[in-house]
Amino acid sequence: MFNKFKPTWMIESIYDLQPAELKARGIKVVLTDLDNTLIAWNNPLGTPQLREWLEIMKKAELPVVVVSNNNHQRVKKAVAPFGLPFISRALKPLGRGIKLAKKQFDVQDSELVLVGDQLLTDIAAANHTNIRSILVKPIVQTDAWNTRINRGIEKIVKKQLLKQGDLKESWGHTLND
């Protein structure tokens, strides 16, 4: 039951991801959650580190696509400064957003990875659609009201995954950690 929440990898931050590591694993498109993964939920302007990372990904010709459960206007406004493609109302943990991205970029499951900060939505959606996933630490330790409920349930799931040996206790900085 808990295996549907098991990430493929765990790293500190999305900004630790390097194009060479991703390409070595056959990844051609990086799907990412928005709030607390790419940007802090309460700071939509992002950081210089985010802009630098996006530039590195762009130079490496690795598209970064935001796949968010937020509504269209919220996501459009948040990604506008970065010029990123996006899919809103992704319905994670269901596969709607991932399936749309797969079709839009004409890639196979093995060529996609979803990066997110939540087991119950992001990682479950990746597993539901048979793509690999990367769990990252939330950028900030606070959440919007609607995410706080998930975080409580997530603590129980994390405990069980740790007990089963399906989750590491430490966070890496590369996909090899």
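Glu12 is partly exposed, with 25% relative accessible area. This value, like the others here, comes from a predicted model. Glu12 forms a salt bridge with Lys137, and their closest N and O atoms are 3.4 Å apart. Glu12 sits in the loop between strand S1 (9–11) and helix H1 (19–24), and Lys137 in the loop between strand S6 (132–136) and helix H6 (145–164), so the contact ties together parts 125 residues apart in sequence. Lys137 is partly exposed too, at 31% relative accessibility.

By the rule applied, the model has six salt bridges. Another of these joins Arg74 and Asp35, with an N to O distance of 2.4 Å. This pair also links distant parts of the chain. Arg74 belongs to helix H3 (residues 72–79). Asp35 lies in the loop between strand S2 (29–32) and helix H2 (48–59). The separation is 39 residues. Arg74, at 24% relative accessible area, is partly exposed. Asp35, at 18%, is buried, because the cut-off for buried is under 20%.

A salt bridge also connects the side chains of Lys92 and Asp122, at 2.7 Å from N to O. Lys92 lies in the loop between strand S4 (86–87) and helix H4 (96–105), whereas Asp122 is part of helix H5 (residues 119–128), so this bridge ties together parts 30 residues apart in sequence. Both Lys92 and Asp122 are buried.

The peptide bond from Lys92 to Pro93 is cis, with omega near 20°. Pro93 is found in the loop between S4 and H4. Most peptide bonds, by contrast, are trans. The loop between S4 and H4 also holds Arg89. Phi of Arg89 is positive, near 45°, in a residue other than glycine. Arg89 is partly exposed, at 48% relative accessibility.

Most residues other than glycine have a negative phi. Asp106 lies in the loop between H4 and strand S5 (112–116). At 70% relative accessibility, Asp106 counts as exposed.

Pockets were examined next. The second largest pocket has a volume of about 230 Å³. Its lining consists of 14 residues. Those nearest the centre of the pocket are Leu54, Lys58, Phe82, Gly83 and Leu84. Helix H2 supplies the largest share of the lining, with five residues. By class, the lining comprises nine nonpolar, four charged and one polar residue.

Key. Residues are numbered from 1 along each chain as its sequence is written. This is a predicted model: local features need pLDDT of at least 70, side-chain atom pairs count only at pLDDT 80 or more; totals for chains, interfaces and linings use all residues. Side-chain values use heavy atoms; hydrogens and water are left out. A salt bridge is a side-chain nitrogen of Lys or Arg within 4 Å of a carboxyl oxygen of Asp or Glu. Helices (H or I, at least four residues) and strands (E, at least two) are DSSP runs, numbered from the N terminus. Buried means under 20% relative accessible area, exposed over 50%, partly exposed in between (1.4 Å probe, protein chains only). On a 1 Å grid over the protein atoms alone, a cavity is a set of points where a 1.4 Å probe fits but cannot get out, and a pocket is an open set with protein on both sides within 12 Å along at least five of seven lines; lining residues have an atom within 4 Å of a point. Grid points are joined across faces, edges and corners, and a volume is the space filled by probe spheres set on the points. Ala, Val, Leu, Ile, Met, Phe, Trp, Tyr, Cys and Pro count as nonpolar, Asp, Glu, Lys and Arg as charged, and the others, Gly among them, as polar.
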